[in-house]
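Work through these exercises with the structure in view. Try each task before you read its solution.

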Amino acid sequence: IQCQKCDPACARCDGATSSNCTECHGDAHLTTSKMCITCTSNQFWDGENQVCGDCHQDCKRCFGEAQNNCLECNDPLARWDGQNFVCTFEDAE
């Protein structure tokens, strides 16, 4: 038996292709089809659908697609309510 290297996308694998991952590097997400997917900074991982979804246009980083799912805001917006995760103009009261 000869060992093969994992695809670079995989941290661990049970075969040599990108669809043989059993563990991913860093922030990558392992799909049910055994692929590692990394979302961009303005996307979130939708585990139910196994895809990266886009953040709301006000959000730089988010945990969902809604306007109140922001973790960080696009300039010149600032997160003003840490409980509701909503972005608004920085000078808004």
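**Exercise 1. Find what share of the contacts joins residues 24 or more positions apart.**

Start with the term: a contact means heavy atoms within 4.5 Å. Next, keep the contacts in the protein chain with a separation of 6 or more. Residues 24 or more positions apart account for 2% of these.

A note on the model before going on. It is predicted, so local features need pLDDT of at least 70, side-chain atom pairs count only at pLDDT 80 or more, and totals for chains, interfaces and linings use all residues. Residues are numbered from 1 along each chain as its sequence is written, and side-chain values use heavy atoms, with hydrogens and water left out.

**Exercise 2. Count the helices and strands, and describe the surface.**

Helices (H or I, at least four residues) and strands (E, at least two) are DSSP runs, numbered from the N terminus. The protein chain has 0 helices and 10 strands. Read from the N terminus, the order is β-β-β-β-β-β-β-β-β-β.

Now the surface. Accessible areas come from the Shrake-Rupley method with a 1.4 Å probe; for residues, only the protein chains shown count as cover. The chain exposes about 6600 Å², and carbon and sulfur atoms supply 46% of that. Buried means under 20% relative accessible area, exposed over 50%, and partly exposed in between (1.4 Å probe, protein chains only). Of the 93 residues, 24% count as buried.

**Exercise 3. Count the disulfides, then examine the pair cysteine 39 and cysteine 52.**

A disulfide is a covalent bond between the sulfur atoms of two cysteines. The test is a pair of cysteine sulfur atoms within 2.5 Å. By this rule there are 7 disulfides.

Take the pair step by step. The sulfur atoms of cysteine 39 and cysteine 52 are 2.1 Å apart. Cysteine 39 sits in the loop between strand E4 (36-37) and strand E5 (43-46), while cysteine 52 is in strand E6 (residues 51-54), 13 residues apart. The torsion about their S-S bond is about -90 degrees, so this disulfide is left-handed. Cysteine 39 is buried at 17% relative accessible area. Cysteine 52, at 22%, counts as partly exposed.

**Exercise 4. Which strands hold cysteine 73 and cysteine 87?**

Check the bond: the two sulfur atoms are 1.9 Å apart, and they form a disulfide. Now place the residues. Cysteine 73 lies in strand E8 (residues 70-73) and cysteine 87 in strand E10 (residues 86-89), so the pair ties together parts 14 residues apart in sequence. Cysteine 73 and cysteine 87 are both buried.

Contrast cysteine 3: it is in no disulfide, and the nearest cysteine sulfur, that of cysteine 13, is 9.9 Å away. Cysteine 3 is exposed, with a relative accessible area of 74%.

**Exercise 5. List the residues of the largest nonpolar core.**

In soluble globular proteins, nonpolar side chains tend to be buried together. A nonpolar core is a set of buried Ala, Val, Leu, Ile, Met, Phe, Trp, Tyr and Cys residues joined through side-chain atoms within 4.5 Å. The largest has 8 residues: Phe44, Cys55, Cys59, Cys62, Cys70, Cys73, Leu77 and Cys87. A second, separate core has 5 residues, including Cys10, Cys21, Cys24 and Cys36.

**Exercise 6. Is asparagine 69 buried or exposed?**

Locate asparagine 69: the loop between strand E7 (59-62) and E8. Its relative accessible area is 15%, so asparagine 69 is buried. Leaving aside neighbours within four places in sequence, asparagine 69 is in contact with Cys59, Arg61, Cys62, Phe63, Gly64 and Phe85.
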